[in-house]
Every structure is written in structure tokens, then in C-alpha cells.
Amino acid sequence: MAWAKRLMSKTSGGPALSERQKLLLASMLRTSDFMSSRGLSTTCSPESLVESYLRKPVAVRTALFDFETYTRRAAAAGTSPQAEQRGALVHWATVGIRAGVNPTTEFDADAYLHENPDVAATGVDAFEHYVLHGFFEGRNAPGMSATKPGSLPRAKLSFRFKRDRTIPNAFLAAMPSASMASDFYNRVVAPLRLTLPTFGEPEAAILVALYEPMFAPSSKLPASASREQHLEHFLMHGLWHNQAPSPLFDPDSYGEMASEAGISMDGKIPALLHWLAIGRERIETPTWRFDEVFYAAEYPDLASYSGTMFEHYVRNGLWEGRRPNRFFDPAWYVERANGEPGLPAYYHYLMHGIDQGFWPSRIVTAQASRRPTRLTLDDYDRALKASRGLALAVGPDAARMAISIFSPLPDEIGNSWDSFIAFLNQSAQGEDYEGVFFSPSVYRAESKDGGFELSNDDSAFAHFLEVGRLRRINTNKAFDEGAYLERYPDLTSWNAWLFEHFLSHGIFEGRASNELPMLALAPALADKDVPLEGVNWQNYFRRALTLSDRIYSRAQLAARSFLNPVIHKQVARALTMEPLVGPLKTFHQLLAPPTHDVVADRLLELTKRISTQSYDSVVCIPWLRTGGADLVACLLAASLRRIYPNESILMLQTDHPAVDRIEWKPSDVNLVDVSDIMRSVDAPTAERLLNTILAGLAPKRVVNVNSNLCWRVFRRFGKRLKDRTDLFGYLFCWDRTPEGAWAGYPSDFYAETANNLAGILTDTQYLKDQLTQIYTPPADLEDRIYPIYTPLAKNVAPPDPVSTFGSGQPPNVRPLVLWAGRLDRQKRFDLAIEIAKAMPDVDFRAWGKALLDEGPDLSTLPKNMTLKESFTGYDELGLEAADAWLFTSEWEGLPTLLIELGARGVPIVASAVGGVPELITPETGWPVHDVESVQTYVAALRSAIASPNRRSAEGAALRDMVAQRHSQAAYDHRLRSILEGSKQ
């Protein structure tokens with residue numbers, strides 16, 4: 001025990017107390033006058049009791065310990081007892097007990113074992129057993145008097161166990177073996193008797209059942225620790241620090257309940273023990289997360305259960321998959337959530353599922369799935385508390401009807417949780433209510449016809465819950481029971497009110513509430529994350545509450561026209577000629593533009609998100625991650641801002657929601673992510689949506705930087721769009737298939753979009769030459785391919801003139817090579833690993849993570865290579881300590897990484913692929929042409945490491961090239977000339 005270890009240092013002049021010895025000492029103190037002399041509560045913890053005594057030992061008066069008797073018997077046993085009376089008790093607990101010294105003449109060991117044969121069978125020391133267990137169990141000990149000075153009346157300490165003297169069945173059932181049960185019971189449960197004498201077998205059984213180690217594990221135990229070990233640690237430590245044992249007991253919630261029940265809380269008693277031994281008689285359920293009224297009504301098979309409903313649930317129902325309340329359905333939940341072995345569904349939801357966005361039941365899904373933020377445990381608890389209050393006020397059946405009859409406000413569909421909770425509280429107070437399925441005026445009229453005339457002061461809704469629901473009095477005009485049954489003959493055997501079926505089942509199943517065909521609705525954007533039952537519930541109210549009167553009236557008129565006799569006769573004649581026409585009553589849906597068109601719904605969402613009605617420039621990007629193209633898109637936007645300071649710029653994110661480098665975006669440029677909208681529809685529809693948005697924004701120019709969706713729009717709609725706006729596409733390099741074939745955006749889109757574009761921007765002359773060679777475009781299209789060198793992200797101060805990378809290191813420091821990039825196939829980090837293996841005398845530091853591919857096998861990293869995930873700035877790379885930078889890509893454009901390194905004068909060994917030779921030449925670095933040869937790279941690195949003067953000279957040449965060709969001013973000048981039609 002941790003508290004025992006903390007106290008060991010407080011025992012002076014003798015051996016440290018073991019856990020068992022401290023337990024003996026605490027038991028002896030509990031039977032003495034010590035607690036009253038120190039002003040300690042009879043329910044203080046063993047830790048507090050022993051700490052108080054050891055802080056200042058004193059002589060104690062107890063029938064179980066006599067100083068003279070002990071010193072005489074201890075001396076006879078050769079144990080050299082303490083001379084001072086105040087230290088004798090500690091001496092007995094540490095020394096005398098091991099020598100079998102009985103410190104009182106009042107206890108007869110033989111008689112005790114004779115009276116208690118179950119104790120004799122264990123072979124334990126009789127007096128030790130009596131001190132730890134027998135005294136508090138009220139066992140008979142011949143010679144002992146319960147009224148001796150210092151004794152407490154046994155009636156106050158009696159541990160309420162059965163008189164069969166056996167370990168309680170609750171513990172036997174919980175343990176793998178009877179011997180483990182006995183040991184666990186004696187070591188763990190017995191100490192609780194010292195703190196709370198009224199803690200008995202029923203309480204202990206509930207405590208064991210209530211503890212969940214996955215919820216309250218001990219950080220001090222190994223991962224392999226058993227449930228019993230965790231429970232033991234909780235009882236000895238966590239319990240006394242008011243730690244919750246599971247999601248079904250919260251000390252703060254219990255404190256609130258106790259206060260409402262008028263039960264005073266002793267701060268010295270842990271909340272869980274207080275409930276088990278004191279509060280449980282008045283508070284059967286110590287948590288809002290279990291509804292005992294609902295549970296009893298839901299499971300009539302428990303009517304004869306002798307314990308409380310909460311006790312049954314934590315011991316049985318939780319593991320049997322029973323519902324703890326109206327808002328959690330285990331069967332529904334486990335079909336949709338990824339559970340955890342050994343963890344009940346309800347615990348999984350409370351511990352993990354709610355944070356992961358899983359829904360606990362279809363009614364919660366319906367009410368809360370469109371909230372802007374996820375449901376929290378506090379939100380869940382508030383609803384449970386309100387529901388429980390309603391059930392107590394009107395009864396469980398009426399509460400079920402009230403919960404089902406609630407309807408949201410038009411602007412709260414799918415986000416009505418707070419309104420729903422307010423409705424529950426108001427209904428519990430007997431207030432009136434009006435919604436789609438309950439009209440007070442309709443109910444009053446129907447009640448009057450049924451012989452119940454309500455006064456103006458009567459709450460129609462309260463009357464319905466008490467009387468009307470039992471008499472099946474109609475409450476609204478939205479539900480037609482006759483039409484419902486005719487439409488759904490499978491409900492013929494339903495023996496309850498069909499209105500209840502619709503509210504509890506039909507609305508979630510997408511059934512209609514009357515004879516009219518339902519208006520078809522396009523799937524809403526949020527529907528993709530909502531289970532079907534929730535979508536059906538929300539769509540019912542979308543139809544009833546959010547459609548304009550014109551649309552709804554037109555739809556109803558059209559629907560009713562299908563039901564007139566003339567139409568029926570025409571359909572009947574048609575059936576004689578073509579049976580596939582089918583009977584008219586099978587037409588259950590009605591298409592009424594624009595509600596059935598998904599494009600209309602998504603366009604509405606797009607216009608909400610892109611609040612500005614027009615932009616001068618739109619830059620389309622797929623995402624904003626860590627790639628070079630992402631940086632180029634941001635540098636392009638910054639350049640547009642410098643060139644046209646009075647124009648508006650939009651960066652439109654179309655393909656994926658990932659945003660890893662928001663700091664790259666210019667602060668005065670708007671970024672709008674519409675990828676979720678585009679991904680919620682099929683590809684052709686997404687193309688239509690983006691085309692419509694671009695046409696509606698009417699920008700002067702659209703520049704596509706790697707957006708796949710935008711390239712497809714240029715291909716499909718570019719011929720029309722180019723008459724309204726100038727279209728530009730940015731191309732960087734080819735991609736390669738695993739088989740080595742060229743692929744990627746140049747091959748996918750150049751030939752089919754070139755005629756539609758005002759220009760193709762490339763970051764290298766190499767790519768223009770490749771496009772011209774492969775596609776041989778006409779002269780005017782060739783002239784519209786514009787190489788434009790990527791600028792630096794910011795101006796870089798030149799290194800000190802005397803700085804030569806790696807040259808300032810002490811002679812005994814190993815050479816250092818750096819590498820960074822995506823761990824994808826293109827960047828060939830696997831080649832860098834092999835190079836490092838071939839140079840064991842050189843250290844390699846690398847940064848990167850896989851984004852597009854699985855990445856190489858990192859288990860093969862040599863000892864001289866370290867890998868970190870990513871870096872946020874070049875200053876953190878330690879460039880000044882490096883001898884060279886290694887670049888190993890198999891295909892490339894002109895990476896921004898090399899441009900930034902060049903601006904800093906870093907010596908670079910690079911694969912001579914794509915546009916890289918336009919920057920890394922024999923005068924500015926070490927180009928490697930045999931890009932598959934490890935030895936060629938090794939030779940280049942060896943040359944760089946061995947040539948500090950050449951490193952300095954080539955680094956300076958590279959820096960000068962970058963400063964001249966890749967400055968922001970040079971980029972701005974080139975971009976302006978392209979946009980304004982000059983072919984410079």
C-alpha cells in the first residue's frame with residue numbers, strides 16, 4: 001500500500017511497519033480510546049488513523065492490550081519490549097505478534113478457536129484473527145467483555161455478515177478460486193470495516209460490481225495487472241481520494257443528490273462509501289445515468305428482484321445488454337460503434353464513444369446529430385436528469401409518450417437538444433405544449449367530443465399525458481390512423497395505439513403519417529454522418545416545417561390530384577394494357593423541384609459558406625498540407641496580393657479537408673474549405689457544383705494549383721467558363737506508376753484542357769520542353785505554357801562570409817548529412833537508408849512522414865540515422881552543423897525545399913531529375929545522374945565532405961542564383977506579365 005510506505009519513515013527506533021502490521025495497529029487503535037482523545041471521527045480512514053498515532057504515539061486504553069501483561073510476556077519470549085508504555089503498541093505490531101505474544105489476559109485462544117471452527121481450519125493465529133476480523137464481526141471470544149474500558153459496543157462495530165462465518169458468496173463468485181477469494185477478502189475488504197462499521201456484504205458486493213478497471217486503472221500497476229489487483233489498489237488508495245470507480249458513480253453528482261435529499265456529507269468519508277453505508281437507504285441510484293423508474297417498467301421480469309434496480313443493473317443488467325435509460329440502446333449502439341473487448345457497451349459509450357462521435361440511440365441521433373459541436377457527457381447527463389424528473393412526475397409510460405411527441409423548431413432540426421431538455425423540464429411541471437404532433441386546440445376539441453371539457457386554465461398537454469393517451473384522443477392533424485393502417489398492412493397485428501407506433505417506430509423507419517405521398521427530399525449534407533433512422537426523423541420535420549408554403553401547397557395539390565377518381569380510372573385502364581404501371585397506391589413519393597435535387601441543397605450550403613458574392617482571383621487547391629505545391633499556392637496568393645493590392649482573393653479548398661500549414665496562407669486572403677460538400681456527392685455532380693460557383697463568383701481569373709476537381713471542371717466546362725474568366729493551371733511534374741510509366745496531371749489533363757486555358761504555369765523549363773515534345777501543340781498553345789520559377793517564402797539573410805557548412809565542427813565530430821521529404825515512393829527514402837548504411841562513419845538526420853504511399857520499412861534504419869516526423873522551420877534543422885544535404889527523388893519538378901536550402905547556401909547532393917538540374921549544376925552543387933546507384937551518391941557525399949572550400953564556393957554560387965532568379969520581385973514581375981498577356 002502506498003500509504004503504508006509513506007508511513008514507514010515515521011516509525012522511529014524500530015523496523016518499518018509492513019502493510020499487515022499497520023493493519024493490526026489500526027485495528028487495535030479502533031478498539032481503544034485513542035480516537036476520541038484525538039478528536040478523530042469513527043469513520044476516518046485507516047491511513048488517517050495510523051498517521052495520527054505515529055505522529056505522536058501515546059499510551060492507549062483498550063481491552064485488547066494491557067501494557068503490563070504485554071511487557072511481561074514479551075520479555076519471557078525474549079523480544080526485549082519497549083520500556084515506555086507509549087511505544088509498546090508499535091512494538092507489539094512489529095515484533096510481539098510474530099513471537100505469538102498475546103497482550104491481554106482476557107483472550108483465550110483455545111476457546112476462541114473452539115467456538116469458531118472455520119477460523120481454526122485456516123491455521124491463522126487466533127488473537128490476530130480476532131483483532132483483524134472477529135471483534136468487528138461480533139464473533140464470540142470467551143473471556144472478552146464488550147464493556148471493558150476502552151471498548152466500543154460491538155453493536156456499533158458489527159459488520160453485517162451472515163452468521164455462517166464464510167466468505168460472502170459475492171466475493172466467491174467474483175474470484176477465480178475460493179483461496180483467492182479468502183485472501184482478497186481478508187486483505188482488501190476487511191480494512192473497510194475499520195473505517196465504516198456499517199459496510200456489509202450487500203455494500204461490498206455492489207462496490208466490487210461497480211468498479212471498472214478500464215475506467216479507473218492504477219498508473220502504478222503494470223499493464224498485465226489483473227482486475228483484482230486494480231480493485232485492491234482502488235480500495236486502498238483511489239477510494240480514499242474520492243476517485244470514481246466507474247462511469248456510473250460520480251462523487252460530485254452524488255453530493256448534489258445527497259444535498260437535494262437533505263443528507264449531510266461528512267467530508268472525511270469518501271462519497272462512494274457514504275452512499276453505500278449511509279445514503280443508499282434514501283438514494284437508491286447515485287447517478288443520473290441510470291433511470292430506475294424506466295428500468296423497472298422496461299423489464300417486468302425483475303418485479304420479484306429483492307434488491308434495487310441499480311444493484312441489478314451493475315451486477316447483471318450491464319453485462320446482459322439491458323437498457324439503463326431511455327437514451328441508451330445497447331443493441332443499437334454496438335451495431336455502429338467500434339467496441340472494446342471486455343467493456344460493456346454502456347461503459348464504452350460513456351468512456352469513449354461520446355467523445356468519438358458515436359450516437360447512443362436513435363432518439364438522441366435525431367435530436368442532436370446536427371449540433372455544431374459534439375454531444376458531451378454534461379449534455380447527456382442534463383437530458384437524463386430531466387427525463388428522470390419527468391418519469392417521476394407523470395409515470396414511465398406517460399414520459400415515454402411525451403419524449404416521442406416532441407418536435408423541433410424549424411431552425412433546430414437535428415440541433416434541438418437544449419430545446420428538448422427544456423421541454424422535458426416544462427412537461428414535468430405540467431406546462432402546456434404545442435408542436436407538430438400536439439395541437440392544444442385540436443386536443444381540446446377532440447377531448448370535448450370524448451366527454452372531457454377542459455377549462456382555459458387546464459394544461460391540454462398535461463391532461464393528455466394523464467388521461468388522453470389512455471383514451472387515445474387525437475392530438476393533431478398530421479397523423480391519420482386509418483390511412484396509416486391502410487398504407488402499412490403489416491401493422492394489422494399491432495395491438496396498441498397506432499399513433500404510438502408511428503412516434504416510436506414509423507417516423508424512424510421513414511413511414512408516412514397519412515395518405516399523401518411524401519415529398520422527396522435530396523440527402524442533406526449532414527446526412528452522411530447520421531444513421532438512417534435519424535435522417536428519416538429529421539426529414540419528416542424538414543417536410544413539415546421548413547418547406548415554403550408555395551412548395552408544400554403545390555406538392556399537396558399534386559398529391560391529392562393523384563387520389564381523385566378520374567386519375568384512378570385512367571390508371572385502371574392503363575393496367576389493362578401494361579401491368580407494370582402498377583396500382584396507384586404504390587406511388588409513395590412525389591418529386592417537387594427543387595427539394596428532390598441534391599444540387600439545390602448543396603448550392604445553398606456553398607453560398608452560405610462563400611459569403612462574399614464575388615472575388616477577383618480564385619486559387620483552387622486540393623488541401624493545405626506540407627507539400628511543395630501547397631506552398632506554391634500560398635506564394636501565388638501572396639504575389640497576387642502584392643500585384644493587385646485592391647483586389648479580393650479566395651483560396652478554395654476542393655478535394656480534402658486537411659489543413660496542416662495554415663501559417664503559409666497570407667493573412668489577408670480568404671480560405672474556404674468546400675471539400676466536404678464536394679465529397680458528399682458523386683463526381684459529375686461535384687463538377688457541376690464547382691462550375692456553378694465559379695461562374696457565379698465571376699472572378700477575373702481562376703488559377704488551379706493541383707485541385708483534381710478543378711482540373712475536371714476545366715476539362716468538362718472550360719470551353720464555357722473561358723468566355724467569362726481567364727483560366728490558368730499550374731503543373732509541376734509527371735508522376736510515375738509502380739511499373740515506371742509516366743502519369744499524373746500533365747498526362748491526365750494537359751491535352752484536354754489546353755484549348756480552354758489562358759495559360760499553363762510550370763515551375764521549370766524542363767516541363768514545358770517535355771509537354772512540347774510529347775504533345776507537339778500548335779504554336780499559340782505552346783506560347784501559352786509559361787515557366788515561372790517559384791519564389792522564396794521570405795527573404796533570407798545571407799550566411800556569414802566565413803561560414804562553411806560543417807567546417808566549424810571539432811576534429812573529433814563525425815560528419816553530418818541531412819535529408820527531408822515525404823516518405824513516399826517518389827522521394828526514395830529507401831535509397832537514403834541504403835546510402836546511410838554504406839557510410840557508417842557519417843551521421844544522417846532525416847525528417848518526414850508518408851502522405852500518399854505506405855512508406856518504406858523503417859525497421860531497417862541503421863544506427864547512424866535518426867528520423868523525425870516533420871519540421872516547421874529551417875532554423876530548427878541545424879543546417880550550420882551539416883556537411884551536406886542529400887536529395888534522392890526519382891522524379892521531380894523543382895522542389896521548393898531545394899530553393900529554400902539554396903538561399904541559405906547549403907551544399908546539396910541531388911538526383912539530377914526533372915527540373916532539379918536547372919538549380920543544382922556542377923557549379924552550384926553535386927548533381928547525381930545515376931539516380932539508382934547508391935555508390936554514386938556515396939562518392940558525391942564523400943567529395944562534398946572532404947572539400948570544405950568547394951562547399952563554400954558552390955554554396956555561394958547557389959545562393960546568388962536563388963537570390964536573382966527566385967526572389968519575390970522576380971516572381972511578381974513574371975506573374976504580372978503572364979496574367980496581363982505579355983509573352984516575356
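**Close-up views of a predicted protein model**

**View 1. Helices α32 and α35 pack against each other, and α32 passes α35 in a right-handed crossing.** A crossing is right-handed if the near helix is turned clockwise from the far one by less than a right angle, and left-handed if anticlockwise. The structure is a predicted model, in which local features need pLDDT of at least 70 and side-chain atom pairs count only at pLDDT 80 or more, while totals for chains, interfaces and linings use all residues. Residues are numbered from 1 along each chain as its sequence is written, and side-chain values use heavy atoms, with hydrogens and water left out. Helices (H or I, at least four residues) and strands (E, at least two) are DSSP runs, numbered from the N terminus. Helix α32 covers residues 598-609 and helix α35 covers residues 683-697, and the two pack at an angle of about 45° with their axes 10 Å apart. Here the axes are lines fitted to C-alpha atoms, for helices over the stretch in contact, and angles run from 0 to 180 degrees between N-to-C directions. The two helices α32 and α35 are therefore oblique to each other, a word for the angles that remain when those under 35 degrees count as roughly parallel, over 145 as roughly antiparallel and 65 to 115 as roughly perpendicular. Val598, Val599, Arg602, Leu603 and Leu606 of α32 make the contact with Thr685, Arg688, Leu689, Thr692 and Ile693 of α35, where contact means heavy atoms within 4.5 Å.

**View 2. In the loop between α35 and β6 (701-705) lies Ala698, a residue with a positive phi of about 50° although it is not a glycine.** Most residues other than glycine have a negative phi. With a relative accessibility of 52%, Ala698 counts as exposed, given that buried means under 20% relative accessible area, exposed over 50% and partly exposed in between (1.4 Å probe, protein chains only).

**View 3. Asn242, in the loop between α14 (227-236) and α15 (251-260), has a positive phi near 60°.** Asn242 is partly exposed, as its relative accessible area is 38%.

**View 4. Helix α43 (residues 948-965) has 18 residues, and its end C-alpha atoms are 26 Å apart.** Arg951, Glu954, Gly955, Leu958 and Val962 are the buried residues of α43. Seen down the axis of α43, these buried residues fall within an arc of 110°, so they line one face of the helix; the arc is that of the directions from the helix axis to the C-beta atoms. They pack against α41 (896-903), β16 (908-911), β17 (926-928) and α42 (934-946), whereas Asn949, Ala963 and Gln964, on the other side of α43, are exposed.

**View 5. Thr921 lies in the loop between β16 and β17.** At 18% relative accessibility, Thr921 counts as buried. When its neighbours within four places in sequence are left aside, Thr921 is in contact with Trp926 and Pro927.

**View 6. Gln429 has its place in the loop between α24 (417-428) and α25 (440-449).** Gln429 counts as exposed, at 64% relative accessibility. Although Gln429 and Ala462 are 33 residues apart in sequence, they are 8.9 Å apart in space, C-alpha to C-alpha.

Methods. Expected span 1.5 Å × (residues − 1).
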